[in-house]
Each structure stands twice: as structure tokens, then as C-alpha cells.
Amino acid sequence: MRTDDDTWDITTSVGSTALFVAAARALEAQKPDPIAVDPFAETFCRAVGGEWADLLDGRAPGHALTTDDFGAAFVDFQAVRTKYFDDYFRAAADAGLRQIVLLAAGLDSRAYRLDWPDGTVVFELDQPRVLEFKRQVLEAHTPRAERREVPVDLRDDWAHALRDEGFDPDEPSAWIAEGLLIYLPAGAQRELFTGIDSLAAAGSHAAVEEAAPMDAGAFEAKREEERSAGEEDTFFTLVYNEQHEPAAQWFGARGWRAEATRLEDWLSEHGRPVPEEGSEAATMTGTISLVSAVKA
């Protein structure tokens, strides 16, 4: 169960969810027609080994990502989500932004795989042990932008830590909160948005993945299901079923031009199936929106 001061590495608690997502990206890359390819996702999985390497080699038939319902839908979800945010960053770079901020960077490899213009600095904020794992695994690879680690818990004064690493609030920047908000209570989400807005100069971009809260009774039932199965710290016991305000609404009220795209619409646009209503996968995808905004 989460606590106010909990911490983790890449194989425990919230950190393990980044590995789960990386595995989904790696499985997408194995398809003959991938929507998005992250070559480093497999690198991360094989560095951990065990079930994660077995999964990629087809030797983990019981793994959640191999199921025809949830597993297939989750891989599709990660494929289109990755493309959405890759496209967002390409647009931000084309607009001249050279400060990139990855909030809860996890196993995001965009500093290494996107074609960044000269002079781009990618700031990666996350738990110290998560950043250490990524640095060690990718030691033999060269990032395509200047990469600066900011080891900090996003429930602490991350804005101060970011400025200490050379972030300039007087210059425009591009921000991302991907796979993050569900792991923060509503108050921390509000503080995160406020921090972005306070540090973002005019012309800055922001992108957010958000999820509307589930029915409280259904959410608690899912938590109890995990506990009863001995799978605590898998997902529902790690997330907060809270949302302080829809991102497009919050940023729009503060001078940002914001647009939200429902995940189900984004799946359809890219030719991937939308999970059937009432299915476990629909419980996930039906609540999610992808939001991008530009500060006037």
C-alpha cells in the first residue's frame, strides 16, 4: 500500500509499472506493423531479465501482457500513447523549444531515440534509483540531446531541484506527464499543474495523460481482488482514484490553448480495436484522455 514517503526502484512498487509499460512497448515493436518503435524498451526488459526476458521470447504464456483481452489492449494502448507523445515532442521541437521536461521519466527513452535539434536539453525527473537503473543500462548509448538527471520525488520541491539543474523559466519549454497522474492524489496533481504553469514561459507546451476516476465501489472491489490474489502492489493498490480537475479545463482557464483526445478515439484513428464495453480492458481505456496545450 502507498504511503506519503514511499520510495522504489525499477522492480518494486510504482517503479515496476514502468517496467510493465516498457514490456508492452517492446511487444509492440515485435509486430510486423508497429505504430511506435522504442528499441530501448527491450533493452530495459532484458537488463532485468527473468520473466521480462521470457515474455519477449514467448516463454511466459501466463503473463498478463500475453492475454487476448487485457494484454492485447494494453499493448495497443501503449503503442498509440507513445505515438501521441512522440508527435507532441516533434511539434514542440519544430516550434523552437529546446528545454524538455520529463516528469516521472521512468523508462522513457526519448532523449536517446528522438531526433532532437542542436541545443536541446532533456531534464528527467524521477526517483534516484530509477534514474540510476536507466543510466547504467544505457551507459553504452549516447543520448541525442543533453540529458540532465533530476533525482527527486515529485511530492517534494521538484521545481527547485529542476532549476538547480539549469532549467531556465524565462525560456519556453515542453513538459510531459505520461503515466503519472494516477499515482498522485488530487492535491499533488494540482501542485504539479501549478508548478508547470509557474515555470512555463509564454510559448511553452504541456502534454498530460489523465484518467477520470472509476466508480468508488468498483475501484475498491478491484483493490480487494488484488489483495485476495496476493497481487498487492500490482496496480490498483498503487494508484489513487482521484482527479482534481480535467487538464484541458485547468490549463485552459490559465491562458493555455488546450485540447483533449479520448484514448478510444486515438485507438480508432490508428486502426486499433476499442475494447468492448464492460470488459476489463474497457475499464482502463474508457477513462483515459491525452491532452496537449500551448501557453499563450
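Reader: Hi! What share of the contacts in the protein with a separation of 6 or more comes from residues 24 or more positions apart?
Author: Those residues account for 74% of them. Contact here means heavy atoms within 4.5 Å. This is a predicted model, where local features need pLDDT of at least 70 and side-chain atom pairs count only at pLDDT 80 or more, while totals for chains, interfaces and linings use all residues. Residues are numbered from 1 along each chain as its sequence is written, and side-chain values use heavy atoms, with hydrogens and water left out.

Reader: Thanks! How many helices and strands are there in the protein?
Author: There are 12 helices and 7 strands. Both are DSSP runs numbered from the N terminus: helices are H or I with at least four residues, strands are E with at least two.

Reader: And how much of the protein is buried?
Author: Of its 296 residues, 52% count as buried. Buried means under 20% relative accessible area, exposed means over 50%, and partly exposed lies in between (1.4 Å probe, protein chains only).

Reader: Is Glu124 buried or exposed?
Author: Glu124 is buried, because its relative accessible area is 0%.

Reader: Which residues does Glu124 touch?
Author: Leaving out residues up to four places away in sequence, its partners include Asp108, Lys134, Arg147 and Arg148.

Reader: New topic! At what angle do helix α2 and helix α6 pack?
Author: Helix α2 (residues 39–48) and helix α6 (residues 128–137) pack at about 105 degrees, with their axes 10 Å apart. That makes α2 roughly perpendicular to α6. Angles of 65 to 115 degrees get that label, under 35 is roughly parallel, over 145 roughly antiparallel and the rest oblique. The axes are lines fitted to C-alpha atoms, for helices over the stretch in contact, and angles run from 0 to 180 degrees between N-to-C directions.

Reader: Which residues in α2 and α6 meet there?
Author: From α2 come Thr43, Phe44, Ala47 and Val48, and they meet Phe133, Lys134 and Val137 in α6. Lys134 is also one of the residues that Glu124 touches.
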